[in-house]
Structures are given as C-alpha cells and as structure tokens.
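User: I'm new to this one. Can you walk me through a few side chains?
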Amino acid sequence: MAGNRDRFSTFSTATRLKQLGERTAAHVYRSQSRRQVRRSRLTGRAALLVLVLCTLVVALAYPMRQYVSQRSEIAEQQRAAAAASKRLERLRDEKARWQDNAYAEQQARKHLHFVRPGEIGYIMNDPGAEAAEHRRTGQAGSDRPWYSNVWDGVDKADRPGD
C-alpha cells in the first residue's frame, strides 16, 4: 500500500483525476456493453419463445377447430337419433292400435264415412261456412272474373285444415 502511495504521490492531482476518470469511464463502458449483450441475448430468447408459441398455436388451431365441430356434429346426431327413436316408438304404438279391428272400424267410420248395413249415413253442410265464404269474397263465384276464382282456389289449397 505504501508503494501505491508513493506511486500516486509522484503524479500531480490532475493526472490522478484523469486516470481515475479514465478507469471509471472504462468500467462504465464495460458494464453498459455487458448489459447490451445480455439484453440482446434475452431478446433473442424471447423472440424464439414467441416463435415457438406461435407455431404451436398455428399447428393446433385447425385440429382443435375440427375437434369442436365434430363434437357438435356428434351431439346433433345424438339428438336426431333420440327424436327418431321417439317417432319409431309412436309408430309402433299406432301400428299396434291398427291391429285392433275395433280401432280400424272406428277410423273408417270417422274419416271415410263408412256405415254398417242397416244404418243411414248423413252428411250435412255447414251453412255458416258458405255464408263466411260469401262474406270473405264479397261476390258470388259466378259473378266474378275467372282469374279471381282460380286465385281463391289457390288460397284455399294453401290453408291447412280446409
């Protein structure tokens, strides 16, 4: 330590300050360059990590979309199968009812106006329906132009239950 003091004592204060400033500047410069090197390495690693993550997202996006769409299709098909099985059960019940002769006879009498031998069948027209038709059209069918009658026939065909 005494040797260092002797060495420094031979130089002037200005020279010592200059050397101290140069050493400090060199130290600061080295530390800044180390930080810059570290930052650039960290940035490269971060860029690589981002690149890998983006690649994984792109690689997995299509299969995940396919998986989700197939799951929804499976659920839809299961709902359709459940509805079909319910309809099948109803049709089996109806088939069993049609096996009964009394039910078949009842439906024939109701829809086809069948009567048993000795019975008299009556079909009555509803007078209210004819009056409502005349009120709706405003004119009798023969007093109107032919195209109005055709158009009314199309309208009647489109209405359910007529």
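Analyst: Let's start with Arg116. Arg116 counts as partly exposed because its relative accessibility is 44%. Partly exposed sits between buried (under 20% relative accessible area) and exposed (over 50%), using a 1.4 Å probe and protein chains only. This is a predicted model: local features need pLDDT of at least 70, side-chain atom pairs count only at pLDDT 80 or more, and totals for chains, interfaces and linings use all residues. Residues are numbered from 1 along each chain as its sequence is written, and side-chain values use heavy atoms, without hydrogens and water.

User: Which side chain meets Arg116 in a salt bridge?
Analyst: Glu105, at 2.2 Å, N to O. A salt bridge needs a side-chain nitrogen of Lys or Arg within 4 Å of a carboxyl oxygen of Asp or Glu.

User: How many salt bridges in the whole structure?
Analyst: There are 2. Glu119 and Arg109 also meet in one, at 3.0 Å, N to O. Glu119 lies in the loop between helix 3 and helix 4 and Arg109 in helix 3, so this pair ties together parts 10 residues apart in sequence.

User: New topic. Is Gln107 buried or exposed?
Analyst: Buried, because its relative accessibility is 13%. Gln107 is in helix 3 (residues 101–112). Leaving out residues up to four places away in sequence, Gln107 touches Trp98 and Leu112. Contact means heavy atoms within 4.5 Å.

Conventions
Helices (H or I, at least four residues) and strands (E, at least two) are DSSP runs, numbered from the N terminus.
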